Structure formats: C-alpha cells, structure tokens
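Trainee: I am new to this structure. Please show me how to read it, step by step.

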Amino acid sequence: MGDHDTAPKDEDEADGNSEPEPKTRPDPSAIRSLAVSPDDVVNAYIYTQENPGEAVLRVTPPFHGRMRARLHAYRVDDTHMTGALHIRPAELIADEIVDAYPQLEDAAETSVDETDTERIRERHADSHEQWRENATEAIAETITLETPAGSQQVSIKRLG
C-alpha cells in the first residue's frame, strides 16, 4: 500500500501500553519559584494525616522558571512514569507547626470524662481549626529541591 512504516516504534507501543515511560526524566532544575495555595498545602497535610493515601503538592513537566504546585492525592506514586515532582506538604509548613498537629488522642487525654465523646470531638475540632489557621500562616518562603544538577533553593510564592 505504500512506503508507510507500520511497525511499532518502541517496546511500549509493541506491548500496547498507551503511556510509555519517559526515556529521560524531566529536569526540574529550571524551577526558580513555586506558586502554592496555602489552603492546598494545609489540606494536603491534613489529608495525609487522616487518610490511608497520601497528598502532595504536584508540579508537572515541562518545567519552567515559575511553576504552580497543586494538591494531588494518590495511593500509587506515578512520578517515575509522569516525570512529575511531588513535594510533601510538611516541607512547606514550619516544623513547629507540623509538630503541633492535633491528634484525637490529645483531646481525649485532656477530657475530664473520657466517655463524653461529643465534648472530645468538639475539643479536637477546635484544636484542628486553630492548627489550620496557624499552618496557613506558616508557609515556608523557600524549599530545597533535589535535581539532577544537585540541591537547589526554590522560592515559594503564596497564592490568595
């Protein structure tokens, strides 16, 4: 029928995989600043503490000087296939705030009557709300990214 090459171009096409793994990993060393929503950072941290999956701030290639990091929840890490960069929310929140994250057990321990579940729940919700406010104000100004070129400081720009 013509001179068209109909043979698969690589093993991924031959296997029927629709998303071949990148041959070379995208290089995030071009990133100089990341724009993040403080609410995304805080929600990602809380999600990871309260759920079986993990939430991160995800930056997807192609990488440029200014990038946006968005909330991304997952159970299977796909960065090796997508080339995306995952930043753990704890890296973006001040350490003392991360350490102060309220646990339900803390609210139960301070309760006079441990059988009063409604009071324990309210106390925990109140401490959670206070933590959320503190964490939203405690977003880092810079973080260190590990790149093929080595460690690199990146500025964090708050949205909203």
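Mentor: Start with a term. Buried means under 20% relative accessible area, exposed over 50%, partly exposed in between (1.4 Å probe, protein chains only). Helices (H or I, at least four residues) and strands (E, at least two) are DSSP runs, numbered from the N terminus. Now the case: in strand 1, Ser-33 and Ala-35 point one way, Leu-34 and Val-36 the other way, and all are buried.

Trainee: What kind of model is this, and how are its residues numbered?

Mentor: This is a predicted model, with residues numbered from 1 along each chain as its sequence is written. Local features need pLDDT of at least 70 and side-chain atom pairs pLDDT 80 or more, while totals for chains, interfaces and linings use all residues; side-chain values use heavy atoms, without hydrogens and water.

Trainee: How many helices and strands does the protein chain have?

Mentor: Six helices and seven strands. Along the sequence, the pattern reads α-β-α-β-β-β-α-β-α-α-α-β-β. Of the 160 residues in the protein chain, 35% are buried.

Trainee: Which strands does strand 1 pair with?

Mentor: The general idea is this: two strands pair if DSSP finds at least two bridges between them. Strand 1 runs parallel to strand 3 (residues 66–68), joined by three bridges. Leu-34 stands opposite Met-67 there. Strand 1 also runs parallel to strand 7, with four bridges. Ala-35 has Lys-157 of strand 7 as its bridge partner.

Trainee: Which residues have the most contacts inside the largest nonpolar core?

Mentor: First, the idea. A nonpolar core is a set of buried Ala, Val, Leu, Ile, Met, Phe, Trp, Tyr and Cys residues joined through side-chain atoms within 4.5 Å. Here the largest one has 29 residues, and those with the most contacts inside it are Ile-31, Leu-34, Val-59, Ile-87, Ile-93, Trp-131 and Ile-143. Elements giving two or more residues include strand 1 (33–36), helix 2 (38–50) and helix 6 (117–137). Helix 2 gives the most, with five residues.

Trainee: In what order do strands form the open sheet?

Mentor: The order is 4-2-5, three strands with antiparallel pairing. Strand 4 (70–74) and strand 5 are the edges, each pairing on one side only. From one strand to the next, the twist averages 45 degrees. Strand 2 and strand 4 share five bridges. Val-56 has His-72 as its bridge partner in strand 4. Helix 2 packs on the sheet and touches strand 2 and strand 4. Its direction makes about 145 degrees with that of strand 2. Angles run from 0 to 180 degrees between N-to-C directions; axes are lines fitted to C-alpha atoms, for helices over the stretch in contact.

Trainee: Is His-86 buried or exposed?

Mentor: His-86, in strand 5, counts as buried because its relative accessible area is 15%. Residues in contact with His-86 include Tyr-74 and Asp-77.

Trainee: And Pro-102: why does it count as buried?

Mentor: Pro-102 counts as buried because its relative accessible area is 7%. Pro-102 lies in the loop between helix 4 and helix 5 (104–109). Among the residues Pro-102 touches are His-124 and Trp-131. Pro-102 and Trp-131 are 29 residues apart in sequence, yet 7.3 Å apart in space, C-alpha to C-alpha.

Note on methods. Contact = heavy atoms within 4.5 Å. Lists of a residue's contacts leave out its neighbours within four places in sequence.
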